[in-house]
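Me: Hi! I'm new to reading protein structures, and I'd like to go through one with you. Can we start once it's on the screen?

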Amino acid sequence: MLIIALVGCTTTGPRSTPSAPAVGGNTPGGTASAPPTAGTAPTAPTLDPTQPAPTRSGAATRVVLFRSGGIAGRGDNITVEPDGRWTAVDRAGSRRTGRLGPADLGGLHGLAADPRLAAEARRPAAPSGCADAFSYRLTVGAIETGYVDCPTDAAPPPATRSIVELLLRVTA
């Protein structure tokens with residue numbers, strides 16, 4: 001907590017609450033703050049508390065989804081960069097690109113920061129009872145999780161499934 005408090009006191013980025021700008025701080029006109037003096041380390045950005053936190057560390061992370069299986073034997077890879085740019089590549093190598101809208105990007109960042117995601121990654125994977133079901137492998141930063149979408153298996157992990165559904169919807 002002390003580190004968080006110190007980081008909050010030493011940032012030079014914009015704040016979500018009105019206050020007088022610090023000397024050399026950002027101004028509404030967009031003037032950049034003064035560079036750090038020699039021997040000082042740059043500070044971490046302050047998160048806007050009105051927005052969902054992208055990750056526990058405060059920095060957004062890359063999200064990668066790999067979908068395989070199905071009767072046709074799919075092999076789709078979707079990668080979303082922290083700024084919302086996405087690339088989808090199918091088994092044949094066809095590539096599509098786009099950018100998430102602000103609402104979808106905020107939703108993805110919120111889901112990526114959900115503590116249930118790490119808990120879901122730690123649970124042991126049970127064997128699936130389906131041969132032709134889709135298998136989803138999701139990587140969010142250092143967290144890897146996934147499931148097989150089989151109606152006779154246990155329910156998919158909810159945070160993982162929410163991210164999978166969001167990515168499939170916005171990249172379709």
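**A pocket and the strands around it**

Reply: Happy to! Helix 3 (115-122), strand 5 (134-140) and strand 6 (143-149) each supply at least two residues of the lining of the second largest pocket. Helices here are DSSP runs of H or I with at least four residues, strands are runs of E with at least two, and both are numbered from the N terminus. This is a predicted model, where local features need pLDDT of at least 70, side-chain atom pairs count only at pLDDT 80 or more, and totals for chains, interfaces and linings use all residues. Residues are numbered from 1 along each chain as its sequence is written, and side-chain values use heavy atoms, leaving out hydrogens and water.

Me: Which element gives the largest share of that lining?

Reply: Strand 6 does, with five residues. In total 21 residues line the second largest pocket, and Arg123, Ala125, Ala126, Gly146 and Tyr147 lie nearest its centre.

Me: What counts as a pocket, though?

Reply: Picture a 1 Å grid over the protein atoms alone: a pocket is an open set of points where a 1.4 Å probe fits, with protein on both sides within 12 Å along at least five of seven lines, and lining residues have an atom within 4 Å of a point.

Me: And how much space lies in this one?

Reply: About 360 Å³. That volume is the space filled by probe spheres set on the grid points, which are joined across faces, edges and corners.

Me: What classes of residue are in the lining?

Reply: There are 12 nonpolar, four polar and five charged residues. Ala, Val, Leu, Ile, Met, Phe, Trp, Tyr, Cys and Pro count as nonpolar, Asp, Glu, Lys and Arg as charged, and the others, Gly among them, as polar.

Me: Changing topic: how many helices and strands are in the chain?

Reply: The protein chain has four helices and six strands, in the order α-β-β-β-β-α-α-β-β-α along the sequence.

Me: Which strand does strand 1 pair with?

Reply: Strand 1 (residues 63-69) pairs with strand 2 in the antiparallel sense over seven bridges, and with strand 5, again antiparallel, over seven bridges. Two strands count as paired if DSSP finds at least two bridges between them. On the strand 2 side, Ser68 stands opposite Gly75, while Arg67 has Tyr136 in strand 5 as its bridge partner.

Me: What about strand 5 and strand 6?

Reply: They pair in the antiparallel sense over seven bridges, and Thr139 stands opposite Glu144 in strand 6. The two strands form a hairpin with two residues between them, and Gly141 in the turn has a positive phi of about 60°.

Me: Why is strand 2 called largely enclosed?

Reply: Five of the seven residues of strand 2 (residues 74-80) are buried, so the rest of the structure largely encloses this strand. Buried means under 20% relative accessible area, exposed means over 50%, and partly exposed is in between (1.4 Å probe, protein chains only).

Me: Last one: is Ala118 buried or partly exposed?

Reply: Ala118, found in helix 3, has 24% relative accessibility, so it counts as partly exposed. Ala118 and Val140 are 22 residues apart in sequence, and their C-alpha atoms are 9.4 Å apart in space.
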